[in-house]
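Here are my notes on the model, point by point. Please read them with the structure open.

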Amino acid sequence: FLFYHLSQMKKRALEPSNHTYCSLLNACSNAGPPAKEYLLKIQEEMERRNVTLNGIATNSHLSAMASCRLHEEAFETYEKMSSQHLTPDLQTFGTLLQAASKDVRGGLEKAQRVWSELVTQEDIAPDAICYNLLLLCMREAGIPSSMRKPPPEVKEVGEKDTHTRKVVSSPPRGVLAADAKEVATFALPSGHKIHLCLGKWGERWLTREDTLGLLGAMKKAGL
């Protein structure tokens, strides 16, 4: 439907504006992964026409890429913003955190970078949405395989072959296990640093001190 109207604009010699592309990109963002093919067509159209998006349209572009799971492309677009003299805002950082949370390969590393750049901004500070997205990244973002530990293997009871199963374990309460491994650090505006830890079975957790520090930072920000 949207592409029909875009083609009608072309037939009438009407030049699509930033508002036009912003609407198309928002439609892709709302549709999610099924709209990936249409998003790629829009990107090809913009490249062919050498379109330069403004800040609002760029945020819509980032949101569309995040929704359609084009994680790497979203971060590449973000890197180009400075050369285009575009200043990232809270929506920009929130969208990048959303993209990082859906990246099953290196999302956690991306989330660290985005959060680090966000808290160093002089004129903006994380809001409730950004904090919630940070927590989502801690829970969902992919951890590189090089940072993981292989789970212990336990032979099934009664089995004579070498079939093994994965052991499920609950994270410790307030105290880190001896085999815990720190995989990410996030600095808060207050200066406190919280450390995300990974256990041998893939469980993730924060210490009680870091959890309280995060909640304190959110409360101080009026959230």
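1. Buried means under 20% relative accessible area, exposed over 50%, and partly exposed in between, with a 1.4 Å probe and protein chains only. On one side of H3, Glu-37, Glu-44, Glu-47 and Arg-48 are exposed. Helices are DSSP runs of H or I with at least four residues, numbered from the N terminus.

2. The model is predicted: local features need pLDDT of at least 70, side-chain atom pairs count only at pLDDT 80 or more, and totals for chains, interfaces and linings use all residues. Residues are numbered from 1 along each chain as its sequence is written, and side-chain values use heavy atoms, without hydrogens and water.

3. Leu-39, Ile-42, Gln-43, Glu-45 and Met-46 of H3 are buried. They sit on the same side of H3 because they cover an arc of only 160° around the axis, taken from the directions from the helix axis to the C-beta atoms.

4. H3 has 13 residues and spans 18 Å from first C-alpha to last, close to the expected 18 Å (1.5 Å times one less than the number of residues). Asn-50 follows H3, with a positive phi near 55°.

5. The largest pocket holds about 470 Å³ of space. A pocket here is an open set of points on a 1 Å grid over the protein atoms alone, where a 1.4 Å probe fits, with protein on both sides within 12 Å along at least five of seven lines; lining residues have an atom within 4 Å of a point. Of its 15 lining residues, Glu-47, His-61, Thr-77, Lys-80 and Gln-84 are closest to the centre. H3 (36-48), H4 (55-67) and H5 (71-80) each give two or more residues to the lining. H5 gives the largest share, 4 residues.

Methods. Grid points are joined across faces, edges and corners, and a volume is the space filled by probe spheres set on the points.
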